[in-house]
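Subject: Structure handover

Hello,

Here is the structure for you to look at.

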Amino acid sequence: MIIQLIVLIFYICYLCGASSSIKCANDSTFDADLDAKFRKDYSHGWAVRHPTLANLYNDFHCKVCIEIGIARGELSQVLLKMVPGITDYHAIDPFLGNYDNANDAMSQVLAEENAPDKWANAVIHTMKDYGCKFKLHQGLSSDMVKDFTPASVDCAFIDGDHRYEGVKSDIKLYTPVVKPGGLLIFDDYSWQFMGVVKAVDELVDQNHLDFVKINKHNNYYVKLPDTPDACAALIL
Ligand SMILES: C[S@@+](CC[C@H](N)C(=O)[O-])C[C@H]1O[C@@H](n2cnc3c(N)ncnc32)[C@H](O)[C@@H]1O
């Protein structure tokens, strides 16, 4: 009996520890300087793809979502605003620079800032209107996968480490987390990121999946098979 009690206490401690890297959007302390910098630096063209992605999430009734690689959280913010059906938005990012040998512009910006915790705080401050609907899992996608149970997510957006090994690993680890009939959505499927192209092509070709173009901004999606058995048979 005493041993069982000790095991139970350890298990509860483990669960608390395991979830400690997850922060809701109302957990942040406001840093005015970083917040100002964070907003000023936003000058890239990613926003053009946001409306078509929001349409996709609405059409497929995405409720529980994952975004791997959120940068400043602009896509997260747009989707939470434009997709009313979202109940849980899991954002995964370590906010570490030079993650892909600085090929992606964000990789250089994060390296110059070199302050992952402050960056995380600025992101969750930006998302404060969404409270615990927005959950930040601060860490590498390969580590944060422990926070998810199999077949628990409707839509997973893969936009983290753009190298072949990074995308391949995200596909392998996160496909089982997506429900049968759910979506894997890809960013930067283009000649600039041949690692993305290679890893995604392997998934599509090996499994004879339909690969659907979402917009002209290099976003595509794959719908997983509708049955658990067919999902379990996927080659990843
Ligand atoms: C192109 S940005 C993401 C842009 C964002 N999805 C948007 O649309 O606004 C890529 C992000 O991936 C993150 N990243 C890089 N390697 C990662 C990894 N192994 N796991 C999770 N995120 C990663 C980077 O920190 C960076 O913020």
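In strand E4 (134-137), Phe134 and Leu136 point one way while Lys135 and His137 point the other way, and all are buried. Buried here means 20 or more other C-beta atoms within 10 Å of the residue's own, exposed means 12 or fewer, and partly exposed is in between, with C-beta atoms placed from the backbone. In a regular strand the side chains alternate between the two faces of the sheet.

The model is predicted, so local features need pLDDT of at least 70 and side-chain atom pairs count only at pLDDT 80 or more, while totals for chains, interfaces and linings use all residues. Residues are numbered from 1 along each chain as its sequence is written.

Chain and sheet

The chain has 10 helices and eight strands; these are DSSP runs (helices H or I, at least four residues; strands E, at least two), numbered from the N terminus. Buried residues are 36% of the 236 in the chain. Of the contacts with a separation of 6 or more, 75% are between residues 24 or more positions apart; a contact requires C-beta atoms, placed from the backbone, within 7 Å of each other.

The eight strands make an open sheet of mixed pairing, ordered E1-E4-E3-E2-E5-E6-E8-E7. Strand E1 (22-24) and E7 are at the edges with a single partner strand each, so one side of each has no neighbour in the sheet. Two strands count as paired if DSSP finds at least two bridges between them.

Leucine 184 is opposite valine 222, and isoleucine 185 is opposite tyrosine 221. E8 also pairs with strand E7 (residues 212-213), antiparallel and over two bridges, with tyrosine 220 as the bridge partner of lysine 213. The hairpin of E7 and E8 has six residues between the strands, and in it asparagine 218 has a positive phi near 70°.

H4 lies across E2, strand E3 (88-92) and E4, and runs at about 175° to E3. That angle is taken between N-to-C directions on a scale from 0 to 180 degrees, the axes being lines fitted to C-alpha atoms, for helices over the stretch in contact. Its buried residues are Leu75, Ser76, Gln77, Leu79 and Leu80, and these pack against helix H3 (50-59), E2, E3, helix H6 (116-126) and E4.

Serine 76 is buried because 26 other C-beta atoms lie within 10 Å. Leaving out residues up to four places away in sequence, serine 76 touches Glu67, Ile70, Tyr89, Ala91, Met127 and Phe134. From serine 76 to cysteine 65 is 11 residues in sequence and 9.8 Å in space, C-alpha to C-alpha.

The largest nonpolar core contains 53 residues, and Cys155, Ala156 and Leu184 have the most contacts inside it. Such a core is a set of buried Ala, Val, Leu, Ile, Met, Phe, Trp, Tyr and Cys residues joined through C-beta atoms within 7 Å. With residues up to four places away not counted, cysteine 155 touches Tyr57, Phe60, Cys62, Cys65, Gly182, Leu183 and Ile185.

Ligand shell

Around the ligand there are 22 residues, of which Gly69, Leu75, Ser141, Gly160 and Asp161 come nearest. Strand E2 (64-68), helix H4 (74-82) and helix H5 (105-113) each give two or more residues to this shell. The shell has 12 nonpolar, four polar and six charged residues. Ala, Val, Leu, Ile, Met, Phe, Trp, Tyr, Cys and Pro count as nonpolar, Asp, Glu, Lys and Arg as charged, and the others, Gly among them, as polar.

Positive phi in loops

Asparagine 114, in the loop between H5 and H6, has a positive phi of about 50° although it is not a glycine. Asparagine 114 counts as exposed because it has 12 C-beta neighbours inside 10 Å. Alanine 151, in the loop between helix H7 (141-144) and strand E5 (153-158), also has a positive phi, near 50°. Alanine 151 has 16 C-beta neighbours inside 10 Å and therefore counts as partly exposed.

Regards

How values were computed
Near = placed C-beta within 6 Å. Contact = placed C-beta atoms within 7 Å.
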